[in-house]
Amino acid sequence: MTIVREIAGQEHDHVLAFRDEATGLNGFLAIHSLKAGPAVGGVRIQPYRSDLAALTDALRLSRAMTYKVALAELPCGGGKAVIVDHPGFKREAAMQEFGRFVEQCGGRFFTGPDAGVTAEDMVQVRSTTKYCADETSPELGDLAVHTAMGVWHAMRICLAAAKIEEPVVAIQGVGSVGMQLARILHENGCELIVADTNRKRARAAAKEFGAEMVSTDEIVSAICNVFAPCAMGGVISAESIPTLKARVICGSANNVLNAPEDGDELHRLGILYAPDYLANAGGIIRGAEYYFQHRKDSRASIERIGSRMQKVIELSVARDRGTSRIADELAEGLWKHPAHPAGQVRATQGAASPIVDLAAARAKRPVQPGANQTLAPAPPQGVRRDVIPGASRGAARDKRRRATHKRRRRDRIPID
Ligand code: NAI
């Protein structure tokens, strides 16, 4: 049985520690915001060196998710779960247990894959919760492919802005997204350099796309004109910036900048940075549109990542500010704007109520493995807006307001 503890979060609506002795499950769920709708965000599994490192990652990643969904104009908030990989981690059972925990959150957190998570892990999570993206659904598709396509749309704008005609792209990490990105770039005539701590993956990319393979120490400073971070965050830092050869940085990794000032430094040096949560939003756009808005196809929405990138570049030039600062301003403007669902709820919201009612959860029968198969794709009512604290207004009024606000936002905030 998973023990859940709520930790006081400063700017987060909820921060939960979860632990299950029997399976070795140990992790954190950070819900940055429930104000605009359910919190969405992947689950990440990493061999974190400490619980504090895992918690810090969850806090930062979930905040970035709020910015990501705000900029993509999705009716959701940001969340993220992180799980500590360690020798006593009984993966299969632990992922089922994690699914039960997600189920207990009652739709306030909707998850999917992130770094370190395999398709098999997702099968286990889905066996015990319906609040998890089902990538086996052909209509939803592979989220890593959608993410990679979004990165490409941001990158092609950056290439044009930086007047790069013969792109040489150094990809750091050819996992789920990096490999798909390599495929798209190869198809679009880019030359590739790859590195991965898993040398088998790097070799596979080298073989399939004729990429040059370099060591993981060399990739950041590889001789290229585009650097595509597709592994972990914090890779652009005061130490790494002086070693960069690239004129453009655009990849899928979250929290690429080690500190906000690193974005200013890139701007000062004339290195064009595609803000991470802008460029890597393709997967979440597809997931949210599929589960919450029932759209059959999200290609046009993912393509709009390109027009957002264009807008950010134009504002960056006009205001002489780094692209990361511009993206933050736009995201905050959208999220805090009274026209945004988050802005409306904020005005009426009191303190967040406890997210997991353990007594009630224990009383409930767990979801039987495979039971969600009959529910996939998750029905719209699977994500219950009525459990969002303070958001108990009628659905019809909600819908009317969102339609009006969508119109207003379209008129007032020239993102696309
Ligand atoms: P993944 O775990 O499938 O791939 C990451 C790859 O990076 C692995 O092959 C790993 O061996 C490699 N790697 C780790 N550290 C490295 C290093 N220091 N140097 C070189 N390679 C290294 O993860 P996935 O899903 O491809 O995600 C990659 C990044 O993109 C993560 O930061 C994730 O948060 C972000 N992201 C992923 C999305 C998705 O749809 N999967 C959506 C949005 C963002």
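## Helix 9 against helix 10

In this predicted model, helix 9 (residues 282-291) and helix 10 (residues 299-319) have axes that come within 9 Å and cross at roughly 140°. That angle puts helix 9 in the oblique class relative to helix 10, because anything over 145 would have counted as roughly antiparallel. As for handedness, the crossing of helix 9 and helix 10 is right-handed.

Who does the touching here? On the helix 9 side the contact uses Gly-282, Ile-285, Arg-286 and Glu-289, and on the helix 10 side Ser-301, Ile-302, Ile-305 and Arg-308. Sort the residues of this contact by type and you get three nonpolar, two polar and three charged.

## Helix 9 against helix 4

Helix 9 also packs with helix 4 (residues 143-161), at an angle of about 125° and with the axes 6 Å apart. Once again the label is oblique, this time for helix 4 relative to helix 9.

From helix 4, the residues involved are Leu-143, His-146 and Thr-147, and they meet Gly-282, Gly-283, Arg-286 and Gly-287 of helix 9. The make-up of this contact is one nonpolar, five polar and one charged residue. Keep an eye on Gly-282 and Arg-286: both are on the list for the helix 4 contact, and both turn up in the contact with helix 10 as well.

Next up is a loop residue. His-32 sits between strand 3 (25-31) and strand 4 (39-40). Is His-32 buried or exposed? With a relative accessible area of 2%, His-32 is buried, so it falls under the 20% cut-off.

The side chain of His-32 makes a polar contact of 2.9 Å with the side chain of Glu-11. Leaving out residues up to four places away in sequence, His-32 touches Glu-11, His-12 and Asp-13, then Ser-62, Arg-63 and Thr-66, then Gly-78 and Gly-79, and also Trp-335.

## Two loop residues with positive phi

Asn-255 is not a glycine, yet its phi is positive, near 50°. You'll find Asn-255 in the loop that runs between strand 12 (248-249) and helix 7 (260-269). Its relative accessibility is 13%, so Asn-255 counts as buried.

Asp-320 is another non-glycine residue with a positive phi, near 50°. Asp-320 belongs to the loop between helix 10 and helix 11 (323-336). How does Asp-320 come out, buried or exposed? Asp-320 is exposed, at a relative accessible area of 58%, whereas Asn-255 is buried.

## Arg-199 in helix 6

Arg-199 is part of helix 6 (residues 199-209). Its relative accessible area of 48% makes Arg-199 partly exposed, because the exposed class needs over 50%.

How far is Arg-199 from Gly-173, in sequence and in space? The two are 26 residues apart along the chain, and their C-alpha atoms are 9.9 Å apart.

## The chain overall

Stepping back, the secondary structure of the chain comes to 14 helices and 13 strands. The chain has 416 residues, and 57% of them count as buried, His-32 and Asn-255 among them.

Take the contacts in the chain with a sequence separation of 6 or more: residues 24 or more positions apart account for 66% of these.

Technical notes. Residues numbered from 1 in each chain as written. Predicted model: local features only at pLDDT ≥ 70, side-chain atom pairs only at ≥ 80, totals over all residues. Heavy atoms only, no water. Axes fitted to C-alpha atoms, helices over the stretch in contact; angles between N-to-C directions. Helix = DSSP H or I, 4+ residues; strand = E, 2+ residues; numbered from the N terminus. Parallel < 35°, antiparallel > 145°, perpendicular 65-115°, else oblique. Left-handed = near helix turned anticlockwise from the far one by under 90°. Contact = heavy atoms within 4.5 Å. Nonpolar A, V, L, I, M, F, W, Y, C, P; charged D, E, K, R; others polar. Buried < 20%, exposed > 50% of the residue type's maximum accessible area, 1.4 Å probe, protein only. Polar contact = N/O pair within 3.5 Å; in protein donor to acceptor, adjacent residues only side chain to side chain.
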